[in-house]
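Q: Can you walk me through this one? I'd like to go over the contacts and the helices.

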Amino acid sequence: MQKEIIIAGFGGQGVLFGGQVLAYAAMDNGLDVTWIPSYGPEMRGGTANCTVVIADHEIGSPLVKNPPLAIALNLPSFDKYEETLAKGGTLVVNKSMVDHAQRRNDIHTLFVPCSEIAEEIGDRKLLNMVAVGALLTSLPEIKVEDVEKALEGHLPARHKHLLPKNFEALKRGFEHAQKEWDKIPA
Amino acid sequence: MPKELWKGNEAIAEAAVRAGLEAYFGYPITPQTEILEYLSRRMPELGRAFVQAESELGAINMVYGAACTGVRVMSSSSSPGISLMMEGLSYIAGTEIPAVLVNVMRGGPGLGNIAPAQSDYNQAVRGGGHGDYPRIVLAPASVQEAIDLTTLSFDLAEKYRMITMIILDGSTGQMMEPAEMTALSEPKRKNFEWATNGAMNRERRILSSIYLNPLDEEKTNLRMLKNWKNVQANEVRYKEYFLEDAKYVIVGFGTAGRVALSAVREARAQGIKVGLLRPITVSPFPYEALDQLTSQAEAFLVAEMNMGQMLDDVLLTVRGRVPVEFYGRPGGVVPFHNEILDEIHRIATGPVTVQTDPRESWLTRMYGNLKIAVP
C-alpha cells in the first residue's frame, strides 16, 4: 500500500500543518510516512504546498507527479492539481474560494465550503482541518479518530484548548464530503 | 526510544548533540539554516559552545581550533558556503584531526539557487580543498539515516583522525519522517594522545599542517593513504534493493537513490528484473559490491541530481564490461520516479551499448525531453 497526498493553497491557510497532522496520524498507525514542503524564496500570500506519502513499506520518492489524492484550498491550486491528479483520484476543493466547476470527469472532485464551515465553527483558520476531514473519506488507512489522537498527542500544550474546535472541523469536513460522494454516480 | 516526526536538518542537529557535540560553529545559509538555528538554542541550554561566526571562513577555522583540543566539533553549510570553507578543510586534513562537516547541497554553480541538488559530489569525494587528502563522505537518503550517520560520523572522524562529511540535498533537510533518536548523554571526552588540550605536567604537543621538508610531507601523505586503505577495507556501507535476480541495476545515492527505489518498485510490478544499489558511504565508494554486480547485470543506470559525478566512480568500476547509462537532473531539479521508470523501460527494451561517455547520449535525450533547441 502506498498513497500520496498533495495539500496546496495560499501561505497562511494551514497547508503545511494539515499535512503534518496526516503524517502524525500515519506514523501513530505504524505506517511509514514522508512530509515534504515546497520551499523557496516564498512571500506572504504566495502559494504553499506539501506532499505527504504514506506506505506500509520503505518509501522511495517523497515527491509525486500524479498524486491520487489532493486538497486545493484556493483557485490556483484547484486549476493546477486538477490537471495532474491521477485518474480515478480524489480532489477536495475549497468551494469557498473557487468560481468554476470541475473540468475533468475521470477524477472525483469533492466541493467542500471549507472556509465557510470553519467560520461557522468560529475560527476561519480551521479550514485546513475541514479539508483534511473531507479527504479522509478517500483515505481508509487513516480514520477521523486517528487524526484526533494525533492532534491530541502532538499539538503543543499551549494550543490544546483549540482541540474541540479542531475535532468539530474534522467531523464537519468528513460529513460534508460524504454527502458529496452521494451525489457522485457510482 | 519511540519514533517522532523529525525534520532532516533538525534531526541532524539533535543527533549531533546526542553524539556528544561540544562545539558548533556556523554561518546561516539556505537550505540548512535550521541546523544552526536549532543548535543556537540547544547548545547553550546544555552549557555547550555555539558560535555564529562572522563568515564561513571564520566558522571553519574555529572548527579547526576546537578540533585540535580533541572535543567533538562540527559545522554545517550549503554548497556556496562549503566552497568558502575549503581552505580550512584542507588545513584540518593536513593536521590529521577529526572534524564533522555537513553539506546540505543546493543547485549550482555559483550562487545557483536553494533547490535540492547533488552537485557537490565531486567536491566532497575528490577534493575541494588543495593537496592530497582522503576524506570520509556519508550520504543519507532519509531522516533516520541522517540521524544514524551523524552519530557514526563522529566515531569515524575520531577513529581515523579524518574529516567526515555528510552530504545531503535540501529536500532531505526539509523533509519530515518518523525517526528514532539515541539517548542523550553527557559528552565523554577522550584523552587523545595528539590533542592540544593543555600541557600541564606533560610534554608539549604541536599540531600543524606544515611540513617544510618535502620528504616529511611525502611520508605524511603516504601515512594518510595507508590510513585510507583501512577506511576502504572496513567502512564501506550501502543498501541493496531487489538485486538478487536483477538484470538491470540502478546506482543512485541520497534522494536520487530513493526516487529510483519508487521506479524500481513499479518496474518490478510490471515484471522487469531491476534492482537498486544505493551507496551510503560515497567515499569510500562501494567498488567491490558494484564490481560483483558487473558479472550479473546486463546494464547499469546511474541516476543523480547533477550532470554525472558519481557516474565516474561507476565507470571506473565497470570498466566497459557492460553498458552504463546515465540519467541526471541538475540545477536543483528533483526527478519524478516516472522519469527513471521511462529510463528503465528504455534500457529493458534495448538495445544499449557500451559508450565512452554516457553523458553524451543523455544530453541529446534531455534536449528532446525538455523540448529546447540544441545550442
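Q: How many residues of chain A are in contact with chain B?
A: 16 residues of chain A are in contact with 19 residues of chain B; contact requires C-beta atoms, placed from the backbone, to lie within 7 Å. This is a predicted model, where local features need pLDDT of at least 70 and side-chain atom pairs count only at pLDDT 80 or more, while totals for chains, interfaces and linings use all residues. Residues are numbered from 1 along each chain as its sequence is written, and chains are lettered from A and ligands numbered from 1 in the order in which they are written.

Q: Which element gives the most to the side of chain A that touches chain B?
A: β2(A), with five residues. Strands are DSSP runs of E, at least two residues, and helices are runs of H or I, at least four, numbered from the N terminus.

Q: OK, helices. At what angle do α1 and α4 of chain A pack?
A: About 40 degrees, with their axes 9 Å apart. The axes are lines fitted to C-alpha atoms over the stretch in contact, and angles run from 0 to 180 degrees between N-to-C directions. α1(A) and α4(A) are therefore oblique, as angles under 35 degrees count as roughly parallel, over 145 as roughly antiparallel, 65 to 115 as roughly perpendicular and the rest as oblique.

Q: Which residues meet there?
A: From α1(A), A:Val15, A:Phe17, A:Gly18, A:Val21 and A:Leu22; from α4(A), A:Asn128, A:Ala131 and A:Val132.

Q: And chain B, what comes just after α1(B)?
A: B:Gly20, with a positive phi of about 100 degrees.

Note on methods:
Contact = placed C-beta atoms within 7 Å.
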